[in-house]
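This briefing concerns a protein chain and its ligand. Please consult the sequence and the structure shown below while reading.

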Amino acid sequence: MAKKESRAAQRERLLQAAADVKTPSDCDVMVIGGGAAGLTAAICAAEEGASVVVLERDLECGRSILATGAGRCNFANVQLDARRFNDPSFVAEVCGARWLDDVLGFFRDCGMRWCLEDDRLYPMSRQAASVRNVLLARARKAGVVLAPAREFQSASWIKAEWLGEIDDAVHYRPETSTTQPAGMAEVAHTLPLSENGALYLPGARAVVLASGGEPLPFMGELGLSLVERTPVLCPLACEDSPLSVLDGRRAHVLARLTKKDSLFPSYQERGEVLLRSYGISGIVSFNLSRRAGTGDLVELDLAPDLNESQLRQLVDPFASGDFEAGCLDGVLDPAIAEQLEHLARRRWHIDWDERKEPQSDSETLMMLVKRLPFVVKGPAETEKAQVTRGGLANDQFNPTTLAHHELPWLYACGEALDVDADCGGFNLAWAWKSGMVAGTAAARWALS
Ligand SMILES: Cc1cc2nc3c(=O)[nH]c(=O)nc-3n(C[C@H](O)[C@H](O)[C@H](O)COP(=O)(O)OP(=O)(O)OC[C@H]3O[C@@H](n4cnc5c(N)ncnc54)[C@H](O)[C@@H]3O)c2cc1C
């Protein structure tokens, strides 16, 4: 059996491979960031006939794709709908009426086939590596120069990272000089300003910003307008979480969100939640994190398939005001049922919206089953957030081409823009389609 390559050996191999990449001194389109959107933009630009270089700070292009969909890559959704995004009109204009066909056509041309789980699309292999590999293969076939281990760091130079500095602990030395650091002869370009003061890249007639959710340090220098970034699609921390002792348990629920200044729910979603000591996690809570703020109320219906009278039959059929221990064991996870019974005996309730106190143990238990309340403190485990809201303000880009209104050589796509969506393949569907639009338009501009 072949011996597994150690992490250190893999790193060495990738660094060497990155060092072996010769970046041309001149290209039509330079793509900054070789993730989902950047690779798509690069492929589309190259297939338009442009020469393309992708600068990627990681040791390989496409690594960000590998973690998606828990390693399976939920790459799109058959119900692509701009209303699932924070800026529906911009997304609808960019993606057009044939959005899903365009995405599936693109992957069909990559040689990938897919399968469906509910509305979610996965590669047939159910391996994110399949998606990454077909993109890399198509990019190479189209002649794209993939240049990993290069971080585009400032408006004045591009830094090469293969000299042993790309270590988790030792990162980027702020560089103020425009002279090339020793040893970086082949990839370090200096980026002077053009006559009218705008930045342009010698050798790159058009630039596509595809750097994902982190701001590039030079965006401000270019005068680009930025929307403050916040992590979304992450767990929610809640005040006095009633099921905190059941950390790690899962429940199938209908969750309803009521904003703190409202009496009525503004959003609801059915699915699984993961109970955490600090609050709730899982896809339902990720989607809630895009909508919930501090002080808002999330109520979980833990038995969404039972109506009130069916539940009453189980809990208190004779309206005695009491319930028998274990009365919900056949409906709920017994550990959750036991904890709810315990809370019901204490008449546990919250002061939110001055709601009235439950009048009996059985009424409390039914309330806890149908409307288990969680008052939101804010996002939790933000380092694991799946996307970032904010970034380059959308209104400075033309939705037909994703070109900057005032810097016609500058394009943006993917999460670099202020676009985020629910879980379910929407974010990647945006990355692919916006990459197609920006890459194609950048190539046409560069070649015109
Ligand atoms: C754990 C996890 C699971 C997810 N699962 C799904 C899912 O199943 N379905 C879905 O639709 N979405 C999912 N997402 C969201 C999805 O991954 C993103 O929406 C998508 O990757 C955004 O694509 P992008 O190309 O804009 O950014 P990224 O994929 O983040 O790519 C940006 C690239 O730019 C590089 N870069 C950054 N700065 C620089 C620089 N200065 N110079 C050079 N390179 C730079 C980065 O290294 C990176 O490779 C998930 C996200 C996470 C974190």
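**Ligand shell and overall fold**

The shell around the ligand comprises 13 nonpolar, twelve polar and five charged residues; Ala, Val, Leu, Ile, Met, Phe, Trp, Tyr, Cys and Pro count as nonpolar, Asp, Glu, Lys and Arg as charged, and the others, Gly among them, as polar. The model is predicted: local features need pLDDT of at least 70, side-chain atom pairs count only at pLDDT 80 or more, and totals for chains, interfaces and linings use all residues. Residues are numbered from 1 along each chain as its sequence is written, and side-chain values use heavy atoms, with hydrogens and water left out.

**Shell composition**
- The ligand is surrounded by 30 residues, each with a heavy atom within 4 Å of it; the closest are Glu56, Ser64, Phe152, Glu415 and Leu428.
- Helix 2 (36-47), strand 7 (150-152) and helix 11 (426-447) each supply at least two shell residues; helices (H or I, at least four residues) and strands (E, at least two) are DSSP runs, numbered from the N terminus.
- Helix 11 gives the most, with four residues.

**Backbone contacts to ligand oxygen**
- A backbone N or O atom of Glu415 lies 2.7 Å from an oxygen atom of the ligand.
- For Leu428, a backbone N or O atom is 2.8 Å from a ligand oxygen atom.
- The protein covers 87% of the 1,000 Å² of accessible area (Shrake-Rupley method, 1.4 Å probe) that the ligand has on its own.

**Protein chain**
- The secondary structure of the chain comes to eleven helices and 18 strands.
- Of the 448 residues in the chain, 54% are buried, meaning under 20% relative accessible area (1.4 Å probe, protein chains only).

Definitions and conventions:
A polar contact is a pair of N or O atoms within 3.5 Å; within protein, one must be able to donate a hydrogen and the other to accept it, and residues adjacent in sequence count only if both atoms are side-chain atoms. Buried means under 20% relative accessible area, exposed over 50%, partly exposed in between (1.4 Å probe, protein chains only).
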